[in-house]
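Good morning, and thank you for making time for this presentation.

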Amino acid sequence: MSASLSRPRVGVWLIGARGSVATTVVTGCAAVAAGLHPPTGMVTETPAFTGSGLPALPDLVFGGHDTLDCPLPKRAETLTAGGVLPPGVATAVTAELAAADREIRPGGPTPGDTRSQAELISAFAADLRDFVHRHELERAVVVNVASTEPASHRPDAPLPASTLYALAALRAGCPYVNFTPSEGMHHPVAAGEAARSGLPHAGRDGKTGQTLLRAVLGPMFAQRALSVRAWSGTNLLGGGDGAALADPAAAAAKNAGKERVLADTLGTVPEGEVHIDDVPALGDWKTAWDHIAFDGFLGTRMILQTIWQGCDSALAAPLVLDLARLTARSHETGLSGPLGALGFYFKDPVGEGPSGLSEQYEELLRFGRTLGQGEGEGQREGGGGGGGEGKGEGRDAGSVSGPEVTGEAR
Ligand SMILES: NC(=O)c1ccc[n+]([C@@H]2O[C@H](COP(=O)([O-])OP(=O)(O)OC[C@H]3O[C@@H](n4cnc5c(N)ncnc54)[C@H](O)[C@@H]3O)[C@@H](O)[C@H]2O)c1
């Protein structure tokens, strides 16, 4: 992406860089930066964040890891044919897509990969450091948008790929965002390293559709003292995400986050389950149906049903851009540890923040103001992230910020 060389540039390193969400992120950022489309869906482009000191969209440089080798412009063409990207946009930003494509490195582990876990972490971290160094980036944020991994509860299981990437991010001195339900930084091995690293991190699992609605409706039932008896949901979706979630263990990881929102907002876990069906014909379009059985005055029984029909990547991409900018700025101002104030974006947020969307939004606005006050503080003398092995440049959350800005301090 072209940018003024005098302004500091920030890397966005996407794990799963050739996927639907990642391709939409790169295409969308270039299209908005070029003024081809308004930044619809990007909360960080609203006036409330004008003074937050966030990196500008033209100053973002994209790269990443993937285990596939389909070129990004080709992937964007497929998304255009599927109606995910509007006609003409991918062609208009083909130079930016090609530039990002040149920065995608082979991920892992691939089938038959003979590298040890330590070797994989070292290779991923070396790719990141090389990216930061060659582009003279001020810092780089690692964002996981790779396929959802099946949850494993075996104590002797090898570290999941998402955790190898999270460890590589820490090793390369990069803040980290987990947009997926995969374990990533939640794994005990990574959690300990993260605490020692002094780097900020956020997650997990972007809240884009059904759970977004639940985070609004859950508080409504609680505040109106209505008694929810059962909350059931079904999702129909295709695309790569639909195929990955056809695995019951991967779907279980996803559904845990959806159920947490209800438990947190209602105070109880109502009856009912969430099902995810892979319907390849739907591509990136998801239909999510919720059926809520509740009791009113004198026990009168009632039902609310909602149907959400969304284009998953178009919902996710602006959030990924918001998160990359907010996390980069958090790193710049010296924040470290879990960024609980970003709970607005996640199904299963790190830290102890509120669960209702309205309170989460207020918290995000406070956080945006805090980031603005952090202007000039900081970490620039250390050269930002991405420079060295486990540098741990950030300050402890407690020594930098008020309690509202990190989950762990609340
Ligand atoms: N779109 C949404 O609304 C939304 C919301 C929340 C979370 N998510 C999550 O975002 C992720 C991406 O979704 P998508 O629709 O882009 O899926 P996708 O299948 O189109 O893309 C996933 C990409 O990850 C790559 N990948 C798989 N294993 C990898 C590895 N070990 N290393 C590097 N790359 C690897 C795949 O090759 C693929 O290119 C999923 O985990 C999904 O659950 C999406």
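Two strands are said to pair if DSSP finds at least two bridges between them. Helices (H or I, at least four residues) and strands (E, at least two) are DSSP runs, numbered from the N terminus. The model is a predicted one, in which local features need pLDDT of at least 70 and side-chain atom pairs count only at pLDDT 80 or more, while totals for chains, interfaces and linings use all residues. Residue numbers start from 1 along each chain as its sequence is written.

I begin with an open sheet. Four strands, in the order β8-β7-β9-β10, form this sheet with mixed pairing. The edges are taken by β8 (274-278) and β10 (301-311), each of which has a single partner strand, so one side of each is left without a neighbour in the sheet. Direction ignored, neighbouring strands are turned by 10° against each other on average; axes here are lines fitted to C-alpha atoms, for helices over the stretch in contact, and angles run from 0 to 180 degrees between N-to-C directions.

Strand β7 (residues 227-237) runs parallel to β8, and five bridges join the two. Within this pair, L236 is opposite D277 of β8. Helix α10 (residues 248-266) packs on the sheet and touches β7 and β8, its direction making about 150° with that of β8. Contact means that the C-beta atoms of two residues, placed from the backbone, lie within 7 Å. Helix α8 (residues 210-223) lies across β7, β9 (285-295) and β10, and runs at about 15° to β9.

Next, strand β4. How many of the residues of β4 (139-144) are buried? Six of its six residues are buried, where buried means 20 or more other C-beta atoms within 10 Å of the residue's own, exposed means 12 or fewer, and partly exposed lies in between, with C-beta atoms placed from the backbone. R139, V141 and V143 point one way from β4, whereas A140, V142 and N144 point the other way. Strand β1 (residues 10-15) pairs with β4 in the parallel sense over six bridges, and G11 has A140 as its bridge partner. Strand β5 (residues 176-178) also runs parallel to β4, joined by three bridges, with N144 opposite N178.

I turn now to helix packing. Helix α6 (residues 161-171) and helix α7 (residues 188-197) pack at an angle of about 15°, with their axes 10 Å apart. The two are therefore roughly parallel to each other, a term for angles under 35 degrees, with over 145 counted as roughly antiparallel, 65 to 115 as roughly perpendicular and the rest as oblique. The contact involves T163, A166, L167 and L170 of α6, together with V189, A190, E193, A194 and S197 of α7.

Finally, some local backbone features. Most residues other than glycine have a negative phi, and most peptide bonds are trans. The peptide bond from G108 to P109 is cis, with omega near -10°, and P109 lies in the loop between β3 (104-106) and α5 (117-134). A cis peptide bond also joins G203 and R204, with omega about -20°. E136, in the loop between α5 and β4, has a positive phi near 50°. Is E136 buried or exposed? With 10 C-beta neighbours inside 10 Å, E136 counts as exposed. L298 has a positive phi near 60° and is found in the loop between β9 and β10.
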